[in-house]
Amino acid sequence: MIPISWYLAVAAVLFTIGTVTVFVKRNAIAMLLGIEVMLNAANLTLVTFSSYFRELAGQIMVFFVMVVAAAEAAVGLAIVILLFRHRETLNVDEAQALRL
Amino acid sequence: MERALFLIFAVTAIGAALNVLLRRHPLHSALALLVMLGALTGFYVLLGAYFLAVIQVVIYAGAILVLFLFVIMLLNVRAEEARIERRPYVRWLAVPFAALLGAEIIYLVRVFEENPSPSGTSVGVTEAVGRELLTTYLLPFELTSILILIAVLGAVVLARRERR
Amino acid sequence: MGLIVEAVLKIVVVFGVVLTFLAYLALFERKILGWIQLRYGPNRVGPWGLLQPLADLLKFLFKEDVRPTTPNPILFSLAPILSLVPALMTYAVIPFGDRIELFGREITLYITSLNVGVLYLFALSGLGVYGIVIAGWASNSKYSLLGGLRSAAQMISYELALTLSVVGVLIQAGSLDLVEIVRAQSGTYFGIIPKWHAFWYQPLGFLLFFIAAVAETNRVPFDLPEAETELVAGYHTEYSATKFAMFYVAEYANILAVSALATTLFLGGWNGPGVERVPLLGVFYFGAKTAVFLFIYIWLRATLPRFRYDQLMRFGWKVLLPLAFANIVFSSVMALVA
């Protein structure tokens with residue numbers, strides 16, 4: 001039997017790595033990937049609790065988190081495409097001014 | 001047996017997440033994320049959430065990541081170049097925060113020592129999830145479909161080329 | 001322990017049979033194409049050309065592996081594997097027959113019976129896109145990249161129509177398990193007409209599934225991304241020898257898997273007269289029905305011209321997808337009424 005804390009520990013480490021990715025990376029797409037890592041770590045926590053406490057609500061919530069992640073990825077990538085079209089760069093450090 | 005599988009999936013997931021962080025080309029990061037999604041699918045199956053495991057592959061790996069790959073390839077993204085850190089003092093924050101993370105994990109292990117075990121039938125079969133989605137959680141279900149519609153419209157409008 | 005041995009044996013048998021059959025499928029395609037075009041296909045190597053797959057295999061193994069200069073040699077070598085593995089994984093859930101008695105144990109004629117079987121297949125078809133996209137990118141050539149992106153866009157567009165066309169079957173059979181879906185199609189009405197989904201309430205779904213499947217496997221008339229007169233050879237332009245062989249095998253594996261799925265979901269799988277008494281007949285019926293679909297695939301290749309890319313995408317999104325939704329509504333109504 002695997003203790004619940006092992007799953008939670010893995011999820012915590014994954015979440016941290018995702019957060020660090022968002023902080024460290026300067027490429028807009030890489031930051032979006034970091035956000036996806038964080039969302040997946042949260043999903044893992046939810047599913048762990050749902051399974052160990054035998055509550056279906058956790059898995060329903062994961063379903064909705066996935067849907068929202070899909071919507072967010074689509075719109076986020078559309079914004080990244082627009083950013084690239086206007087500034088020719090994906091480096092967020094060079095996109096700090098509101099006007100070009 | 002279960003512990004061996006858990007260990008394999010855990011090492012794969014954390015290694016892949018580290019690759020997402022450490023790779024310089026966003027394409028390699030995206031592929032590392034794909035590996036991480038695979039490891040998470042393994043976790044979900046171990047936890048008995050069969051429907052979610054397959055949905056994870058279908059939606060996350062099969063749709064969202066493909067979208068990422070398309071954008072990376074269409075925009076011809078280059079690898080990041082090494083830069084000089086402009087704020088070198090930030091690295092000294094790493095050790096305290098890592099210690100904080102370690103302390104939190106140890107706290108988790110302590111709190112959940114008398115943990116309930118997920119033995120017996122799993123709660124994640126498709127029929128149960130579907131029934132809950134369409135009865136108790138019907139309103140959020142319909143709202144998310146509207147959300148997806150808004151997202152699709154938004155993405156199409158945002159990324160469209162101006163027609164003269 | 002016995003369970004693991006049984007599973008491993010089944011996997012070995014299924015893979016052995018499938019891979020051999022795929023090699024001969026390539027030969028049969030060339031023969032049948034030849035006959036439709038009023039010529040013999042390959043008939044030099046061995047009687048009736050039956051050793052041709054062996055000759056092809058030797059050729060592929062001994063050819064020089066030409067590598068383009070690419071900044072991603074690992075991805076370049078990885079892409080054919082990413083294409084082949086999901087294609088072969090689909091055979092784990094396809095039911096070839098019902099239970100038989102062998103050496104005193106009851107053995108089921110399928111490797112496994114997942115309770116999310118149909119979703120597992122959708123997941124694998126989604127993963128099939130990666131091999132193509134990565135092959136297009138890692139080849140470091142504009143033809144490959146364009147071909148790969150076009151092919152991937154086509155695959156994800158038709159994937160929607162494919163999965164939605166199956167939802168009608170799921171509503172009717174009430175299960176995601178492929179074995180249960182086949183069992184729901186056993187028996188006949190009036191002693192003659194079988195209870196297959198293709199006749200009872202899912203003819204539209206059947207048609208949509210097959211059309212979407214042809215598009216999904218990049219076959220004529222939807223094979224613009226890899227047609228020789230178009231983008232050279234699309235995403236596998238730069239591949240040679242073993243890696244190209246893997247793409248080739250992956251394509252045929254997809255075709256066979258989709259044909260097997262069409263029989264399982266719509267034509268009753270292993271059902272047929274006399275299967276209850278002689279379960280091994282089920283394998284024969286399954287093979288015969290699948291062979292019909294394979295023949296239709298080859299027939300389409302010999303006769304139809306190919307779609308232009310914008311016609312292809314328009315067809316997928318504006319024709320197949322609304323029809324698939326209509327099919328779902330129809331199936332729901334029939335499930336309430338009948």
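What radius of gyration does chain A have, against that of a compact globule of 100 residues? Chain A has 17 Å, whereas such a globule would be near 13 Å. The radius is taken over C-alpha atoms, and the globule rule is 2.2 Å times the number of residues to the power 0.38.

Before I go on, this is a predicted model: local features need pLDDT of at least 70, side-chain atom pairs count only at pLDDT 80 or more, and totals for chains, interfaces and linings use all residues. Residues are numbered from 1 along each chain as its sequence is written, and chains are lettered from A and ligands numbered from 1 in the order in which they are written.

Back to chain A. The C-alpha trace spans about 55 × 25 × 15 Å along its principal axes. Chain A holds three helices and zero strands, in the order α-α-α along the sequence. Helices here are DSSP runs of H or I with at least four residues, strands are runs of E with at least two, and both are numbered from the N terminus. Of the 100 residues of chain A, 52% are buried, that is, with 20 or more other C-beta atoms within 10 Å of their own, the C-beta atoms being placed from the backbone.

Now the interface of A and B. In it, 62 residues of chain B are in contact with 58 residues of chain A; contact means C-beta atoms, placed from the backbone, within 7 Å. On the chain B side, helices H1 (2–22), H2 (26–46), H3 (50–74), H4 (94–111), H5 (126–134) and H6 (138–159) each supply at least two residues. By class, that side has 50 nonpolar, seven polar and five charged residues. Nonpolar covers Ala, Val, Leu, Ile, Met, Phe, Trp, Tyr, Cys and Pro; charged covers Asp, Glu, Lys and Arg; the others, Gly among them, are polar.

Next, the contact of C with B. Here 16 residues of chain C are in contact with 13 residues of chain B. Helices H4 (117–138) and H5 (142–173) of chain C each give at least two residues to that side of chain C, and H4(C) gives the largest share, nine residues. The class count there is 14 nonpolar, two polar and no charged residues.

Last, a hairpin in chain C. Strands S1 (residues 99–102) and S2 (residues 105–108) of chain C pair in the antiparallel sense over four bridges; pairing requires at least two DSSP bridges. Ile100(C) has Ile107(C) in S2(C) as its bridge partner. Two residues lie between the strands, and Phe103(C) takes a positive phi near 55° in this hairpin.

Definitions and conventions
Contact = placed C-beta atoms within 7 Å. Buried ≥ 20, exposed ≤ 12 C-beta atoms within 10 Å, placed from the backbone.
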